[in-house]
Structures are given as structure tokens and as C-alpha cells.
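Here is a short report for a reader meeting this structure for the first time. The sequence and the model come first.

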There are 2 protein chains.
Amino acid sequence: MRYAAGHKEATRARLLSAGGAVIKKNGFATTGVDSLMETVGLTGGAFYSHFSSKSDLLEAILARELNLTREMLTSKQDLPLEQWLSETLNRYLSFEHVKHPETGCPIPALSTEVARSDKAVKRAYEAMLGEIKNRLAKRIGQDAAWAAIAQCVGAVVIARAMASDASGKKVLASSRNFLKKALLKNK
Amino acid sequence: MRYAAGHKEATRARLLSAGGAVIKKNGFATTGVDSLMETVGLTGGAFYSHFSSKSDLLEAILARELNLTREMLTSKQDLPLEQWLSETLNRYLSFEHVKHPETGCPIPALSTEVARSDKAVKRAYEAMLGEIKNRLAKRIGQDAAWAAIAQCVGAVVIARAMASDASGKKVLASSRNFLKKALLKNK
DNA sequence: GTCTATAGGCTGATAGAC
DNA sequence: GTCTATCAGCCTATAGAC
């Protein structure tokens, strides 16, 4: 073998990381294999020694990215409820998050395309989302967990589609206010 | 002129209606001009006598579709709050809506692509969404209006990406429960 | 493990016939 | 107003050289 041991694994890891950023920003269907490979300094033909299809890549990227989201949402679980809630919501529902999909959560960026993908992709998505929900449910309950996820995702999706920054910020602020109030009251 | 007066307008109207259904189902970027024209029984070349670009079509479709959503959400404004809320939420957050994007609301189907479109498209989106929010705000208040829209959109987006029907239904039910409780309490 | 070359098919958009 | 023909460029995926 003319390449160091672990070379393939390293390339695959870079592909998941750099590729994930690109498709969160520009979309999965609209990003070609060639430009995906460019992000790791390789040419298109080499793609298929790492993944059997483009859809296979989406599945792997989703697993990785959703894992990161789960860690992020549950990293401060030892804080008191109100503080944990406030910090987590302020971070997820920030204008920074809206403006930078490439470093953000895959759910608002990729869900619509997951909905149009094959069963394997959807299964990866469903499994990870279920885990995220379970972790949140421990603190705020089952219904509230799904509702909070849905609302955060929807707010980011809508804020990103707005023409003006001001409108996007309004959507975020309303969702933050509403969720904090509702989640602390119903507890 | 070899075609009846109003023929062009009629073709354009059919294009907006049939095209809207197709792109809500299959996505805007992934649907070609040729297949868009097929839905109204014409060939690709004829597209450009109706719209100056594909993006121009998206703008027109959004205006039309969001107008329909607005009418739907506010059609039963004369009912008592609780009843209006319940009926509207049950309809928007239904499994039927999740399974049939082609006849459903454009916001969960197209927002992610609007976010990646040009300023004109985003302006059309922002203007119509603002109107929808204003109508809802009259009944439930400003923050709650944005929050409710965000949550409904997020729930449908997520439910559509789930592998199993059961998971999608859970997300919908949680959002329905949570929203009804929160909106009636905070009033 | 990555390369180049290639296949066959799709894209958005234009020109000119009818 | 719609047609066909055409452009250059992109797509996913494969074959075979190195």
C-alpha cells in the first residue's frame, strides 16, 4: 500500500466534516460530487472508494452532525433548569446560527431534503432525533421536548428565508420569549 | 393572434398551480423547467414567454401559495378562540398534511430553498409571512403568532423526514398538545 | 487511495420556425 | 403562444491507469 495506514479513514473523516458544512450551506441535491471532493482536495472519481452513493454520504453526514447537535443540546445538563434552558435557547435561536448554517444544526438545513431521500437516510435521521428528544424529555417532558425541537427548527428555517435581518431577528426573539415562558410554566 | 384572448393568462395560471404542487412535492432546485412545463402539457422552450427565469417562477408561486395559506389560517376567524385554534391546529398539524406536501402549505416545503434564493424571492416570502403573522397576532398576540407559525412549520418539516409514520404522528401530536395548552394559558 | 477519462443524461436558457 | 433544435455546463457513476 502506497498510503499510510489510516489514510482512508482520515480522508473519510475530512469528507464528512467538510462535506457536512458545504451541504448545510448550499443544499445536498444542489451540491455535486466533484465540488464535495474539492473541499478535501481530491477529484470526483475518488468519491466512490469512500461511499457507495451520494445518498450513502448523506446518511453518514446526518449521523455525525446530529450527534454533534445532541452533544451541544445536552452539554449543560447539570445546570438548574431555568439557566440551562435560557443558555441553550439563546444559542440555538441566535442570529449567528441563522447566518451560519455551515457550522450550525443539520435539522433546519437538511430536513426537507431528508424527507425526499430514501428509507436508509430517513432511518438515520429518525434514530438520532429520537435520542435528542429523549435527552430533552428528561428535563422538560415528552410533549414539550418534541414541541421545543419543532419550534426551534421552524424558527431557524423561517428566519433564514427572510429578506431582512430585522424580520429574522423578530422571529427568533418571539420564539425565545414564548418557549421560555411556556416551558417554565408547564413544568 | 392564433390563440384566444386570455390564453396566455390561463396558461400562466395553470403553471402557477400545477408547478406549485410539483415543487412543493419534489423541491424547486431538483425540478427542471422541462418537467414543470410537462405538468401543463407544454414543452420546455415555451416557459420563457411566461417567466423571465426559473427564480421568477418561484417568486410568483410563493406569492400565490402563501396567499392560499393565509386564507386557510384565517378563514374561521369568527369562531371562539378555543374552537378556532383547535380546528386550525388540527388541520395544519395533521398527518394528511405531512403526507401530501403537494396540496399543503409552501412554508415547510420551500423555506429552505427560499433561504438560498435571490433577494426578490425572499422579499415576496417575507411580505406574505408578515401578513399571515399579523392576522394571527390579532387573536393570540405578536410573540405567540410567530412562535405558533414556527412550531407548526418545524413540526411538519420534521414529521416529513421521519422514516416511520408513528414517529411523525408523535411529533404532530406533541405540538398540537403543547400549542393548545400554551396559547390558551398565556392569553 | 487517488487519478483521469468517459458514459449517458440532466440542467437553464436562447434562437428562430410556424 | 408554442414549437423544435441547440448551447454549454452540470450531474452521478463507472473503468482502468498508476
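This is a predicted model: local features need pLDDT of at least 70, side-chain atom pairs count only at pLDDT 80 or more; totals for chains, interfaces and linings use all residues.

Residues are numbered from 1 along each chain as its sequence is written, chains are lettered from A and ligands numbered from 1 in the order in which they are written, and side-chain values use heavy atoms, with hydrogens and water left out.

**How the chains are related**

Two copies of a chain are related by a rotation about an axis and a shift along it. The same surface serves both copies: 100% of the contact residues of chain A recur in chain B. Contact means heavy atoms within 4.5 Å.

**The interface**

| Item, chain A with chain B | Value |
|---|---|
| Residues in contact | 53 of chain A, 53 of chain B |
| Buried area | about 3900 Å², 63% of it on carbon and sulfur atoms |
| Salt bridges | zero |
| Residue pairs in polar contact (both at pLDDT 80 or more) | 16 |

Helices H1, H6, H7 (119-140), H8 (142-161) and H9 (165-185) of chain A each supply at least two residues of the side that touches chain B. The largest share, 15 residues, comes from H8(A).

Some terms need cut-offs. Buried area is the accessible area (1.4 Å probe) that two parts lose on being put together, summed over both. A salt bridge is a side-chain nitrogen of Lys or Arg within 4 Å of a carboxyl oxygen of Asp or Glu. A polar contact is a pair of N or O atoms within 3.5 Å; within protein, one must be able to donate a hydrogen and the other to accept it, and residues adjacent in sequence count only if both atoms are side-chain atoms. Helices are DSSP runs (H or I, at least four residues), numbered from the N terminus.

**Helix H1 of chain A**

The buried residues (under 20% relative accessible area, 1.4 Å probe, protein chains only) of H1(A) include A:Leu15, A:Gly19 and A:Ile23. They pack against helices H2 (33-38), H3 (54-73) and H6 (106-115) of chain A. Just after H1(A), A:Gly27 takes a positive phi of about 95°.

**A:Glu59**

A:Glu59 lies in helix H3 of chain A. A:Glu59 touches A:Ala120, A:Val121 and A:Ala124, not counting residues up to four places away in sequence. The C-alpha atoms of A:Glu59 and A:Ala120 are separated by 7.1 Å, though the two are 61 residues apart along the chain.

Methods: Buried means under 20% relative accessible area, exposed over 50%, partly exposed in between (1.4 Å probe, protein chains only).
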